[in-house]
Amino acid sequence: MSTLDTFPYPIPEFGTEPYWAAANVGELRVQRCLDCRRLRWEPAPLCLDCQSQKHEWALLSGRGHLTTWTEITHPVHPAAFAKVPYLVVEVELVEQAGLKMISNLINTTAAQVEIGAAVSVTFVAHPNGQHLPVFRLDAP
Ligand SMILES: [Zn+2]
């Protein structure tokens with residue numbers, strides 16, 4: 001299998017290693033500033049609110065709701081031919097207003113998706129072994 005046949009995968013680096021390590025054990029963790037206590041996604045070397053460099057990796061519930069979404073129908077990478085159509089979503093996590101992350105919504109179709117729908121995180125393994133946080137719709 002060439003690298004073009006393999007869907008791109010994250011490379012844990014630049015301080016994101018704890019995020020990806022947590023995903024590998026089924027945990028969704030984001031950085032929490034130790035000075036102003038604000039949560040942030042994506043990982044960053046300093047707080048965007050108070051510029052503090054001190055943080056911890058806070059364990060989240062993995063629950064949230066959809067704030068926007070799109071269906072990808074055009075494969076932008078050779079490995080995506082087998083995946084389309086798939087859903088890319090923005091999820092606002094319950095722990096903090098405005099704490100949003102980008103991910104995929106699995107086990108559903110575009111016809112079933114509504115803005116505001118409750119979702120929960122789950123994890124899928126990339127062929128290289130790295131687990132990726134993705135979301136699925138909560139039961140009604
Ligand atoms: Zn801060």
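**Exercise 1.** Which spacing do the donors of the zinc ion follow along the chain?

*Solution.* The model is predicted. Start with the donors: the SG atoms of C33, C36, C47 and C50 coordinate the zinc ion at 2.3 to 2.4 Å. Now read along the chain. The spacing is C-x2-C-x10-C-x2-C. C36 lies in the loop between β1 (29-33) and β2 (39-40), and C47 in the loop between β2 and β3 (55-59), so the pair ties together parts that are 11 residues apart in sequence.

**Exercise 2.** Find the geometry of the zinc site from the angles among its 4 donor atoms.

*Solution.* Take the angles. They run from 101 to 119°. Four donors count as tetrahedral if all angles lie between 85 and 135 degrees. The zinc site is therefore tetrahedral.

**Exercise 3.** Classify C36, C47 and H126: buried, partly exposed or exposed?

*Solution.* Buried means under 20% relative accessible area, and exposed means over 50%. C36 has 30%, so C36 is partly exposed. C47 has 2%, so C47 is buried. H126 has 7%, so H126 is buried too. H126 sits in the loop between β7 (118-125) and β8 (131-137). Beyond its neighbours within four places in sequence, H126 contacts T6, F7, P8, Y9 and L132.

**Exercise 4.** Describe the largest pocket: its volume, then its lining.

*Solution.* The volume is about 780 Å³. The lining has 31 residues; F7, N104, L132, P133 and V134 are the closest to the centre. β6 gives the largest share, 5 residues. By class, the lining has 22 nonpolar, 6 polar and 3 charged residues.

Notes:
Residues numbered from 1 in each chain as written. Predicted model: local features only at pLDDT ≥ 70, side-chain atom pairs only at ≥ 80, totals over all residues. Heavy atoms only, no water. Helix = DSSP H or I, 4+ residues; strand = E, 2+ residues; numbered from the N terminus. Buried < 20%, exposed > 50% of the residue type's maximum accessible area, 1.4 Å probe, protein only. Contact = heavy atoms within 4.5 Å. Donors = N, O, S within 2.8 Å, 3.2 Å for Na, K, Ca; no water. Tetrahedral: all angles 85-135°; square planar, octahedral: opposite > 155°, others 65-115°. 1 Å grid on protein atoms, 1.4 Å probe; cavity = no way out; pocket = protein on both sides within 12 Å on 5 of 7 lines; lining within 4 Å. Points joined across faces, edges and corners; volume = space filled by probe spheres on them. Nonpolar A, V, L, I, M, F, W, Y, C, P; charged D, E, K, R; others polar.
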